[in-house]
Amino acid sequence: MISVCRALAAEDTMQGDPKEVDAAWWQRDVQALPVGAPFRPGLDPLPAWHHAWAVVKDRWGRPAHGEPREALRRITTRVPSIGPNDALGYVLYAGLTYNTVFAARGVPISVFDLHDEDAHVPGSGAVVLVAALGSEAAREGRLRIGELRVLYPGVSNLLSPRAGDDPMFADFKIQGYETPDGSFAQFVRCQAPQLLAHSERLTLAAGSSYMLDLETVFKALYDVAQVGYDERVFIEGAAGGTGLYAVACAALRSARVTGLVSTEEKGRLVLARGAQAFVNRTLPELAGVFGPVPAGPAEQGAWRAAGQRFLALVREKNQGRPIDVVVSSVGRDLFPRTIDLLGPGGRLVFYGATSGYTLTFLGKPGAARAGEMYRRVGLRPADSLLVYYGVTGEIDDTVGVDAISAAGHAGARVVAVTRTDAQAAHVQPMRGVAGVVSLETLGRSPAFAWPAAMPDYDRDPDGYRAYQERTLKPIGQAIGRLLATADNPRGHPDVIVERAGQDTLGISAFLARPFTGRVVYLESTAGQRLSLYAPNVWMHQKRILFPSFSILGSHLSNAHQADEVVRLIDRGALAIHAPAIHPWDDLAEADQAMHENRHTGTLTVRVGATPDLDGARTARAVLEAWGSRFVTGSAVHVRLDPVRPRSVDLVALITVDVPPANTIGRATLEDLERVLDLLEQESHVKAAVLAGAGAMFVAGADVRQLRAFASADEVHAFAVRAQRAFVRIARSEVPIIAAIDGYALGGGNELQMACAYRVASARAELGQPEINLHVIPGFGGTQMLPRLAIRHAVATGDQVYSSLVAALSVLLDGRRQSAADALALGIVDEVAPSDALSHALGIAGRLARGEGAVRLWSPLAESRTIAFPNVERDAEVQGLVAHHDRVPRSAAARAIIDLVRLGLTRGIEEGLAAEAREFGRLVASGDGRAGIDRFLARRAWPLPPRPAVRP
């Protein structure tokens, strides 16, 4: 033991000194955005470097831990790169939590033990603008560049099968504590599911402050402890950040809440938030009551007697009845007393231990058969189970035999830990036993020790480290060799059967499988002192079940639970405490105040925000503060952004916003016409981007509105109006770039084709499905699509004949085309590496600044005639026409071919005019109306099958 302690003490000398940090090493002289500077996602290029706060290593490579004001340092580091499933957020406000204090101080472990980086950027939770998307995140379509989002600070293995049960079971880590890339930086990398909606009920500052605290409490109460109506709930630190949220969540469940506070004023605050009662722990009669359970039996009697005052006071506040649920976060000083408060079936749920990590308590009466406890913990076939057998050395252990037998019948794999080799030989032949570990055998090694109780980590850290080396690791390895599987390579038991008469709970809490592990007791533990190391239970969400009460570790919520919290906030069911807002430069001192408990409520720090945004609630408010102007219509909105700060030159973002599908009807056309008027009047607009709101571009014309037109003339007039608007787009002096995401179908595809440049995302799908409705494109599709295909063929050296056949096929088969196929045909000019919007905004910004050029061209901007080869005789075209003859919808199919020929040979103006007339005739015809009705009823006749390979 002495040699191990000396070795560990030598390791301690390798801890760094904040005074030994080379500040110049971390403050690089590189170009970075100033803190608080505007950043318009897509329009402004991402910088290579950014500013952050971090815990760093000293000049000798040692972790430079210390008090937060010393250990937290401003650094300049590279903006993180993102993977396919990631997103990058521009941080506006970042909430402060105790995790930053732990990271700075290096307790309970150094954060540098969790990764191989030389700088650890803390920060868990923030409000961000979505700055960039990975390719798969963009393909999913849930996030949009420039959106305001709340950062949920939990990362996991998204592709693990265990994530289907709960992502927390799949290599879960708290961002900014267990990962080195937290939110105390200008840009934060995250997994796409971490970005949740921001409720506009909240200011941005408030939105950044609650995520870690409120979601943790919500999960602990609702999903772990499962607090019910009218249950009695006791909350430690009820006036603190998590405490007040716990009061609110319990009150929302109609529970009866008693809060533990340190002043009468805080007690009144707790009552105002929904509690029925409070207990002031600083009352004279409670002096000396709180603290760990003493180790000696004589001292335990006095300790138990002193606690009666506290127990009586709490019961008095609850009509003489015991507590059903305790919400704990304080740790060693209060933990044993709150266990005493629990009545039969009571649950203590905890998610922290701010006063110390060694938790002690006295057990309670109550016994249960193994089968009943296995039912409570949901033991399943093939689960791994550990049983302590014969804790007093006896060969015949009735309780142990019952535990092994019931587990064998349940199909579990059992490993037994025995005191002696003789016990091991007796247990090995039992049904379901996969192996036995004998402590007598392990004890023959001088490197192994089996202490009577767990050393106190808080008072004897060297002793606890030796306990890790000589007890936890050897027993864990011995058991792990017997229980290891492909999905559980360390062999952590799913269930551990603990025993009265021994204090090995600290060992079992270490051994149980992270996040799903359960420890059960079968016998009465009344009056027995038990102990455990808190992080092994709460940080890994383990459960300890006694016959009459439970101790439940609860960690950060998963993203779904956090999203539930957001919805409750948005409905007004939960309120957020207004945080104290600190400037960026004060971050280290604010964390120091948290460490010294000099703070009140929640805290947040400005990162990309400035004080004038402290009351802002929307992305629009942020952008307006940065110089953007908005023109809002009923169906189309425009945002005008300065190309550079204080520049008069502008880029316009035009957004079609007609939920749910962004269709083109009268209102959309009216707004588009007003937008085009605006572009003509705003001489400083140098480029524009046209996009759809939400997850798609434009799904097409408003089919229901088309069906409601009374005559062919009305339909014709509507088509002519749309064509004129599209021609204005094509010939606008302001180049308009289409950003196509999701569907661009029918009128939506015609709208994007009219633009001067076309950028699609990989998830975009484009096409002309009108023939499915027994009609034809009416907004210029028969004229634009062939010209785009011919232009592309000429530019790439492909055959014009083959390209024209392919173009006709798109018009005739009515099927959606992938972005890649659209690019190959020339319908779009680029497929963006991730999302279309940011790529298009980047192009527009460069055009407006004169920094680069793309080849701008719209098929509606030229009127030349083109020879029309006899493509209707092509086998593919004939096959499509034959299909429509049989269905039948031959009138529309033959009209498409005639209109393509007319437009190419006689000019686009004649082609557009003829298309509008034929569109009006077909839509108003009996066949057209029937086709539209079948389409709306989802009973349209079949479209032609696609050929297996199209050359």
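Biologist: How many bridges join strand β14 to strand β15, and in which sense do the two run?

Modeller: First, the general idea. Two strands pair if DSSP finds at least two bridges between them. Strands are DSSP runs of E with at least two residues, helices are runs of H or I with at least four, and both are numbered from the N terminus. Here, 5 bridges join β14 (residues 323–328) to β15 (residues 342–350), and the strands run parallel. Valine 326 stands opposite leucine 348 in β15. This is a predicted model: local features need pLDDT of at least 70, side-chain atom pairs count only at pLDDT 80 or more, and totals for chains, interfaces and linings use all residues. Residues are numbered from 1 along each chain as its sequence is written, and side-chain values use heavy atoms, with hydrogens and water left out.

Biologist: What is the order of the strands in the open sheet?

Modeller: Read it as β13-β12-β11-β14-β15-β24-β23-β21-β20-β17-β18-β19. That makes 12 strands, with mixed pairing. The edge strands, β13 (277–280) and β19 (433–438), each pair on one side only.

Biologist: Which residues of strand β20 point one way, and which the other way?

Modeller: Val495 and Val497 point one way from β20 (residues 495–498). Ile496 and Glu498 point the other way. All are buried, meaning under 20% relative accessible area with a 1.4 Å probe, protein chains only.

Biologist: Which strands pair with β20?

Modeller: Strand β17 (residues 384–389) pairs with β20 in the parallel sense over 3 bridges. Leucine 386 stands opposite isoleucine 496 there. Strand β21 (residues 518–521) also runs parallel to β20, joined by 4 bridges. In β21, arginine 518 is the bridge partner of valine 495. The chain crosses from β20 through helix α17 (residues 505–511) to β21, and this β-α-β crossover is right-handed. That term means that, with the strands pointing away from the viewer, the path from the first strand over the helix to the second runs clockwise.

Biologist: How many cavities are there of 30 Å³ or more?

Modeller: Rolling a probe the size of a water molecule over the atoms shows where empty space is left. A cavity is a set of points, on a 1 Å grid over the protein atoms alone, where a 1.4 Å probe fits but cannot get out; lining residues have an atom within 4 Å of a point. The count comes to 2.

Biologist: Which helix gives the most to the lining of the largest cavity?

Modeller: Helix α22 (residues 666–681), with 4 residues. Leu672 and Val675 are among the lining residues.

Notes. On a 1 Å grid over the protein atoms alone, a cavity is a set of points where a 1.4 Å probe fits but cannot get out, and a pocket is an open set with protein on both sides within 12 Å along at least five of seven lines; lining residues have an atom within 4 Å of a point. Grid points are joined across faces, edges and corners, and a volume is the space filled by probe spheres set on the points. Buried means under 20% relative accessible area, exposed over 50%, partly exposed in between (1.4 Å probe, protein chains only).
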